[in-house]
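Subject: Handover of a protein structure

Dear colleague,

Please find below the structure that I am handing over to you. I would be grateful if you would read the notes that follow with the structure open beside them.

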Amino acid sequence: MVQLLRLSTIVLLTLLGVCGLVRLPLMPPLLARSGSDTQLSDLEAQEALLEARQEAASQMTRFVGGQITRHYWGGFTPYLDVLGVEIPETMESTLTVSDDRARLVLDPKRVNERYVAEVVRAGTRARGVVCRGQGEPGEFVLRGRRLDCPEGWLVINDPLLTSPGEQQPEPID
């Protein structure tokens, strides 16, 4: 009896090893597979969206900070590498720079969401904001000391700068 159990265990492990070597896909039973394809695709889409948001928030924050710094040194720059911004291969970018504003738009290839960062000159100071939304962004609105996203777009808070429940500090004049 013990010999039969050992033999069947060795045969089973050998078969699993051979399946692994030839990369034979082992599928779960049919009952376990129903609906799993849609769940997996939903999870993949959600993961792609979160990944795009994280990458966009990181690069856009660098863009805004870099452009504000460049403004104090004499003007906005049309070169992303000077700002330390690296556009991921999964996104397309559009950069527009004029005397009084700089805008970076990121369009992820796998996600139906766009990311826009804008820095504007407000008197002698520069103000910036990073937003996410869909479609073409409208005009950014300068309210007092704060630059707001276009209507229908949401502000992206950089998770590296503040925790989710923490208020962002007011800009210092």
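Predicted model: local features only at pLDDT ≥ 70, side-chain atom pairs only at ≥ 80, totals over all residues.

Is strand β2 (residues 101-108) mostly covered or mostly uncovered? Strand β2 is mostly covered, since six of its eight residues are buried. Here, buried means under 20% relative accessible area, exposed means over 50%, and partly exposed lies in between (1.4 Å probe, protein chains only). Helices (H or I, at least four residues) and strands (E, at least two) are DSSP runs, numbered from the N terminus.

Residues are numbered from 1 along each chain as its sequence is written, and side-chain values use heavy atoms, with hydrogens and water left out.

Overall composition

The protein contains four helices and seven strands. Along the sequence, the pattern reads α-α-α-α-β-β-β-β-β-β-β. Of the 173 residues in the protein, 30% are buried.

The sheet

Five strands make an open sheet in the order β1-β2-β3-β4-β7, with antiparallel pairing. Strands β1 and β7 (154-155) stand at the edges with a single partner strand each, so one side of each has no neighbour in the sheet. Two strands are said to pair if DSSP finds at least two bridges between them.

Strand β2 has β1 on one side in this order and β3 on the other. Strand β1 (residues 91-97) runs antiparallel to β2, and seven bridges join the two. They form a hairpin with three residues between them. Strand β3 (residues 114-122) also runs antiparallel to β2, joined to β2 by six bridges, and the hairpin from β2 to β3 passes through five residues.

Cys-131 stands opposite Val-155 in β7.

Salt bridges

In general, side chains of opposite charge can pair when their charged atoms come close. A salt bridge is counted when a side-chain nitrogen of Lys or Arg is within 4 Å of a carboxyl oxygen of Asp or Glu. How many salt bridges does a search of the whole structure find? The search finds eight, and three of them are described here.

One of them links Arg-53 to Glu-113, with the closest N and O atoms 2.9 Å apart. Arg-53 belongs to helix α3 and Glu-113 to the loop between β2 and β3, so the pair ties together parts that are 60 residues apart in sequence. Arg-53 counts as partly exposed because its relative accessibility is 25%, whereas Glu-113 counts as buried at 10%.

Another joins Asp-107 and Arg-114, whose closest N and O atoms are 2.5 Å apart. Asp-107 is partly exposed at 23% relative accessibility, while Arg-114 is buried at 16%.

In a further salt bridge, the side chains of Arg-146 and Asp-148 meet at 2.7 Å, N to O. Arg-146 counts as exposed, with 53% relative accessibility, but Asp-148 counts as buried, with 10%.

Which residues gather in a patch of negative charge on the surface? They are Glu-44, Glu-47, Glu-51, Glu-55 and Glu-86. Such a patch is made of residues with over 30% relative accessible area and no salt bridge, like charges being joined within 9 Å. Glu-44 lies in helix α3 (residues 36-72) and counts as exposed because its relative accessibility is 52%.

Finally, Pro-88 sits in the loop between α4 (80-83) and β1. With 18% relative accessibility, Pro-88 counts as buried. Pro-88 and Ala-52 are 36 residues apart along the chain, and their C-alpha atoms are separated by 9.4 Å.

Yours sincerely

Methods: Patch = residues over 30% accessible without salt bridge, like charges linked within 9 Å, V, L, I, M, F, W, Y side chains within 5 Å. Areas by Shrake-Rupley, 256 points an atom, 1.4 Å probe, with all protein chains shown as cover. Lys, Arg positive; Asp, Glu negative; His and termini not counted. Charge placed at Lys NZ, Arg CZ, Asp CG, Glu CD.
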